[in-house]
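This briefing is for a reader meeting the structure for the first time. Please look over the sequence and the model before reading on.

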Amino acid sequence: MFTKEEQSEINSAFWNKLKNQMSSMKNPHGSKVNWMRYNTGINHLYFRMEADELSCRLCIDLQFPDASIREVYWDQFMEFQTLLEQIFKSSIQFHKEYQHTNGKIISRIVISKNEVNMYKNSDWDKMHLFLKLNFAKLDKFWDEYAEVFLQLK
């Protein structure tokens, strides 16, 4: 298929193109956002984008080292499960225990678009649009409800 070097080049091109497209996007208050390194304001709570040969995903990762703290945040997200399903209206999965690629057990909420391939340039526009639209929805959700989670700190 592709050499590691080719995969790295494709990977860089994919994410750089998305980063350039998102650079003009603003949050609900009209401020610029670093979408690629989104600041949730909570250590160990991350909003991430992923893509591979099977799908692209927007992930809410709860990576708290202490499982009991992770569970408190997880339970709070579950209070918003119905709302999140209404907001995203697409394939959303809730994984209380998920083995991350780094080997650690985390909790993860995933909004995904399947049957797209990062290594097919013809899929990039669909993938980028999906990630941009859904990250904007996630940002709007976070703008409205972040305080609930921040109070758990």
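The points below cover the overall fold, the sheet, the helix that crosses the sheet, and the chain as a whole.

The model is a predicted one. Its chain holds four helices and four strands, and along the sequence these follow the pattern α-β-β-α-α-β-β-α.

**The sheet**
- The four strands make an open sheet, ordered β1-β2-β4-β3, with antiparallel pairing.
- The edges are taken by β1 (45–51) and β3 (91–99); each has a single partner strand, so one side of each is without a neighbour in the sheet.
- From one strand to the next, the twist averages 20°.
- Strands of a sheet pair through backbone hydrogen bonds.
- Strand β4 (residues 105–114) runs antiparallel to β3, and seven bridges join the two.
- Ile109 in β4 has Phe94 standing opposite.

**The helix across the sheet**
- Helix α2, residues 67–79, lies across β1, β2 (55–62), β3 and β4.
- The helix runs at about 35° to β4.

**The chain as a whole**
- The radius of gyration is 16 Å, which agrees with the value near 15 Å that a compact globule of 153 residues would have.
- Along the principal axes, the C-alpha atoms fill a box of roughly 45 × 40 × 25 Å.
- Of the 153 residues, 42% are buried.
- Among contacts with a separation of 6 or more, 58% are between residues 24 or more positions apart.
- The chain exposes about 8900 Å², and carbon and sulfur atoms supply 46% of that area.

Methods
Residues numbered from 1 in each chain as written. Predicted model: local features only at pLDDT ≥ 70, side-chain atom pairs only at ≥ 80, totals over all residues. Heavy atoms only, no water. Pairing = 2+ DSSP bridges. Axes fitted to C-alpha atoms, helices over the stretch in contact; angles between N-to-C directions. Contact = heavy atoms within 4.5 Å. Rg over C-alpha atoms; globule rule 2.2 N^0.38 Å. Buried < 20%, exposed > 50% of the residue type's maximum accessible area, 1.4 Å probe, protein only. Areas by Shrake-Rupley, 256 points an atom, 1.4 Å probe, with all protein chains shown as cover.
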